[in-house]
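Please study the sequence and the structure before reading each solution.

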Amino acid sequence: MMNNDKFFANLPLFAADWSLLLKVMAVVILLVLIGMFIYDRFIQRKNQLLINYPLIGRMRYLFYALRGPMRQYFGDETFYDSFEKLQWINKVSANKNPYLSFSPTKPYGNQKTLFKHANFVKEVSEVQQEFSVTFGKERETPYVSRSIVGRSAMSDGAISPEGTRAFSIGAHRGNFPINTGEGGLTSNFLATLNVDDCDCTDYLEMRKGTWFAKGTYKVLRLLTNKEVSQRVYRKMVVRQNDRGSFIFDNIRLLYFRIDWSKDIAFFPTVVPESIPDIIFQMGSGLYGVRDDDGKFDPVRYQKVMRFAKMTEVKLAQGAKQTGGKLLAAKVSDDIAYYRGIPAHQDLISPNRFPYATDMDTFFDFITELQTLSGKPVGFKIVISTKEDFETYAKALKARKEAGLSIADFLTIDGGDGGSATAPLEMMSKIGLPIREALEIVVGVLNDYGLRDDIKIIAAEKVLTPDDVIELLCYGADLINIARGFMISAGCIRARECSGAGGRNCPVGLATMDESKRSKYLVLQKAKHVANYHNELLHGVQSLMAVMGKIHVSELSMHDLNER
């Protein structure tokens with residue numbers, strides 16, 4: 001039998017004498033530490049801690065830098081109901097069994113809301129198998145959502161282009177709506193558009209590679225992977241700075257994006273079936289529908305709505321009452337192209353929506369959008385008091401009685417709604433939590449005879465099927481989810497979404513840093529996003545069966561035990 005000495009003697013790497021190299025490395029490390037000591041103690045005069053505690057003091061800043069991204073591994077995530085909810089998302093997204101053994105970390109007795117168990121339960125197969133919500137039944141082109149769950153507003157730019165493509169592909173596979181966020185409709189939302197299957201060459205700007213570029217792509221595709229080969233091919237085919245705004249067609253090996261300069265006559269009259277259901281959000285910056293002077297451009301809006309199912313006007317959102325914020329690090333040439341703003345400068349949207357100076361002006365603008373698009377239009381707000389919301393209800397009722405058009409839906413964002421970039425003083429401090437807000441909205445709309453005319457979308461800290469059921473019981477028609485979908489797409493909650501201080505999302509989901517973006521697994525995460533949505537609906541069906549319900553319309557506050 002070969003002993004250890006003989007075994008390692010046959011392996012040159014282990015048989016070599018490493019003593020000299022280790023000594024050199026030790027000397028180099030010692031010299032670096034001495035240099036840092038001298039610099040901290042005798043030269044720098046910006047940090048008094050390092051003057052008193054050179055070297056050791058630097059450990060404080062190392063641990064401080066790791067505190068945010070590492071907290072979920074060593075501390076309790078008290079922001080969520082329980083850590084098990086986060087684990088559930090990760091498991092179902094990866095198509096793993098989500099069953100939990102023994103007990104959750106949060107005791108049953110601490111639950112604030114419990115669901116009522118039916119005397120005679122249903123089988124899951126007896127519960128409705130397909131969910132749908134109809135918006136704008138009076139419009140020329142109503143929107144029928146094929147799900148009661150949608151991905152909440154997240155702008156392309158706040159989310160990386162690769163992340164937006166993953167969400168878009170996942171939404172198309174899962175048959176659920178995706179909100180553009182106030183960054184507007186970009187080419188990345190059309191990632192599933194098939195150039196061969198649509199009559200779209202008239203409104204697309206395309207870049208085709210030479211035989212050499214295509215050959216290079218095919219060789220790299222064999223030797224590496226899709227991401228690397230496409231990145232090289234893109235640089236060979238699209239040479240302009242905003243080349244990231246082009247989408248790759250892997251069948252025809254070309255890049256394309258919408259040519260907004262084309263006449264509206266060239267744009268499709270019906271939304272292409274090969275793209276997901278898109279809800280276009282219009283924010284205070286009017287990104288994607290503004291002219292050169294920053295004013296609303298009706299023609300551009302009509303072009304955008306050839307790809308979207310309905311419009312949401314954002315007046316406010318939870319945790320960020322002001323408009324969106326993108327630091328210069330995220331305002332790439334691509335984002336500048338999409339939004340019509342200067343590149344590489346901080347982008348701070350106005351606080352107030354420009355066409356919302358009073359109720360009449362705002363609702364006249366809503367009517368204008370409905371007329372231009374022929375599709376449903378609603379608005380997004382945060383509720384603070386019943387009296388404040390009654391101001392909206394009175395205006396809407398007056399318009400209805402006068403035979404005028406009213407908003408088709410309301411999106412209610414709870415005060416605990418999340419934001420990747422927001423002032424600390426506004427997070428979780430403005431507006432009511434979603435459950436209190438829904439009670440007010442549903443009650444007031446019923447009192448003013450508007451509930452049958454206006455659908456309600458609810459959003460705030462929704463992760464798992466029980467969260468969805470609870471908000472449906474409170475009266476919501478559709479549930480928007482941001483955090484849950486972010487986690488399903490790979491977010492590790494490192495809290496570095498803003499890009500401030502040169503620190504970027506480590507997984508490439510919420511950054512414009514090309515190095516990290518290039519390693520984001522678009523197709524894999526698209527599957528995870530679709531899996532998460534599908535398991536949400538399955539979980540809703542399972543809970544409804546235990547509650548003895550067949551249709552979501554049967555759910556109400558009477559099905560909840562408030563403790």
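**Exercise 1.** The model is a predicted one. Determine whether Lys309 is buried, partly exposed or exposed.

*Solution.* Step 1: the relative accessible area of Lys309 is 25%. Step 2: buried requires under 20% and exposed requires over 50%, with partly exposed in between. Step 3: Lys309 is therefore partly exposed. Step 4: to locate the residue, note that Lys309 belongs to the loop between helix 10 (298–304) and strand 10. Step 5: although Lys309 and Lys375 are 66 residues apart along the chain, their C-alpha atoms are separated by 6.8 Å.

**Exercise 2.** State which strands are joined to strand 9 by bridges, and how they run.

*Solution.* Step 1: strand 5 (residues 178–179) is joined to strand 9 by two bridges, and the two run parallel. Here Asn179 stands opposite Ile279. Step 2: four bridges join strand 9 to strand 10 (residues 310–314), again in parallel. In this pairing, Gln281 faces Glu312.

**Exercise 3.** Describe how the side chains of strand 9 are arranged, and how many of its residues are buried.

*Solution.* Step 1: strand 9 comprises residues 278–282. Step 2: Ile278, Phe280 and Met282 point one way, while Ile279 and Gln281 point the other way. Step 3: residues on both sides are buried, which gives five of five for the strand.

**Exercise 4.** Identify the residues that form a patch of positive charge on the surface.

*Solution.* Step 1: the patch gathers Arg173, Arg221, Lys226 and Lys527.

How values were computed
Residues numbered from 1 in each chain as written. Predicted model: local features only at pLDDT ≥ 70, side-chain atom pairs only at ≥ 80, totals over all residues. Heavy atoms only, no water. Patch = residues over 30% accessible without salt bridge, like charges linked within 9 Å, V, L, I, M, F, W, Y side chains within 5 Å. Areas by Shrake-Rupley, 256 points an atom, 1.4 Å probe, with all protein chains shown as cover. Salt bridge = Lys/Arg side-chain N within 4 Å of Asp/Glu carboxyl O. Lys, Arg positive; Asp, Glu negative; His and termini not counted. Charge placed at Lys NZ, Arg CZ, Asp CG, Glu CD. Buried < 20%, exposed > 50% of the residue type's maximum accessible area, 1.4 Å probe, protein only. Pairing = 2+ DSSP bridges.
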